[in-house]
Amino acid sequence: MTIAAELVHDAASQDPRLGLRSVAALRRLLEQLEALHVDRARALGWSWQEIACELGVTKQTVHRKHGPRGRG
Amino acid sequence: MRAVFERFTPGARQLLVRAQEQAIGMGHCWIGCEHLLLAVADTRTREGGLLREKGASPQAVEEAISAVIGMEACDGDDKILLAGLGIDADAVRMAVEVTFGEGALRAAPTTVRHRRRRRLGRLRARCTPSPGPPFTPRAKRCLELSRREALRLKHTHIGVEHITLALLARTDTVAWQVLLHVGVRPDDLRQALEEALGPPA
């Protein structure tokens with residue numbers, strides 16, 4: 001662990017705000033990764049159903065989120 | 001903590017505010033001993049003058065902080081927050097770029113639908129702005145130690161000089177490493193400061 005990581009960890013141990021913000025940061029990263037991989041799968045001709053299966057969610061969820069009307 | 005702050009001089013209180021501004025300015029989400037040190041180096045006080053005289057200018061201290069904690073000042077604190085979880089954001093970015101090309105992760109949308117965003121907007125309006133970054137446990141300990149420094153010198157107030165002495169008293173802080181990095185011996189500095197303050201009243 002770097003010193004920066006240690007400092008955040010120490011501060012987060014005293015303040016839930018930092019823990020919550022870490023979760024939000026992780027979620028942003030996750031959303032970005034998901035968007036990249038879904039786009040790539042679509043470009044390679046995968047169906048929404050196939051993508052949904054691999055992500056472990058329903059076809060509707062993926063389509064709603066990543067389909068043409070999903071992204072804002 | 002409140003009891004600690006009660007006897008702080010206006011200068012000392014201002015120093016804490018300045019440390020917070022420095023932390024935010026560097027894109028850090030905590031206030032540590034290193035930011036207190038940076039704030040001291042940046043004040044027009046005897047202690048600030050002493051630090052600068054020895055080569056610990058605000059600029060040198062800021063550069064040393066980035067070098068010691070192993071992270072540049074950054075715009076958002078996502079990278080630093082992820083590091084706190086043990087995730088190396090740079091490693092993730094590099095892994096992604098192998099497949100998706102340079103800058104892919106930065107360009108990727110964080111998918112939030114319009115309808116949800118509007119609802120989020122209403123929720124945000126109800127949120128009170130969250131206060132600044134918290135002090136690290138070591139920075140808190142340092143502020144408590146400054147009270148003891150004042151007691152030792154038989155001073156009834158706690159000023160910038162006592163906080164500085166406290167910063168120079170512990171070897172386990174980032175501030176200590178930062179001083180070594182800029183080539184200042186904390187012991188020398190502490191001695192010089194003790195001499196400037198004179199013997200206990």
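At what angle do helix 2 and helix 3 of chain B pack, and how far apart are their axes? Helix 2 (residues 10–25) and helix 3 (residues 33–41) of chain B pack at an angle of about 115°, and their axes lie 8 Å apart. The model is predicted, so local features need pLDDT of at least 70 and side-chain atom pairs count only at pLDDT 80 or more, whereas totals for chains, interfaces and linings use all residues. Residues are numbered from 1 along each chain as its sequence is written, chains are lettered from A and ligands numbered from 1 in the order in which they are written, and side-chain values use heavy atoms, without hydrogens and water.

- Axes are lines fitted to C-alpha atoms, for helices over the stretch in contact, and angles run from 0 to 180 degrees between N-to-C directions.
- Helices are DSSP runs of H or I with at least four residues, numbered from the N terminus.
- Helix 2 of chain B is therefore roughly perpendicular to helix 3 of chain B (65 to 115 degrees).
- On the helix 2 side of chain B, the residues in contact (heavy atoms within 4.5 Å) are B:Leu15, B:Leu16, B:Arg18, B:Ala19, B:Gln22 and B:Ala23; they meet B:His35, B:Leu36, B:Leu38, B:Ala39 and B:Val40 of helix 3 of chain B.

**Helices 5 and 12 of chain B**

- Helix 5 (residues 58–69) and helix 12 (residues 174–181) of chain B cross at roughly 115°, and their axes come within 9 Å.
- This makes helix 5 of chain B roughly perpendicular to helix 12 of chain B.
- Helix 5 of chain B contributes B:Val61, B:Ala64, B:Ile65, B:Ala67, B:Val68 and B:Ile69 to the contact, and helix 12 of chain B contributes B:Val174, B:Gln177, B:Val178 and B:His181.

**Helix 2 of chain A**

- The 28 residues of helix 2 (residues 16–43) of chain A should span 40 Å at 1.5 Å a residue, which agrees with the 41 Å between its end C-alpha atoms (the expected span is 1.5 Å times one less than the number of residues).

**B:Glu97**

- B:Glu97 lies in helix 7 of chain B.
- B:Glu97 counts as buried because its relative accessibility is 17%.
- Apart from its neighbours within four places in sequence, B:Glu97 is in contact with B:Glu102, B:Gly103 and B:Ala104.

Key: Helices (H or I, at least four residues) and strands (E, at least two) are DSSP runs, numbered from the N terminus. Angles under 35 degrees count as roughly parallel, over 145 as roughly antiparallel, 65 to 115 as roughly perpendicular and the rest as oblique. Buried means under 20% relative accessible area, exposed over 50%, partly exposed in between (1.4 Å probe, protein chains only).
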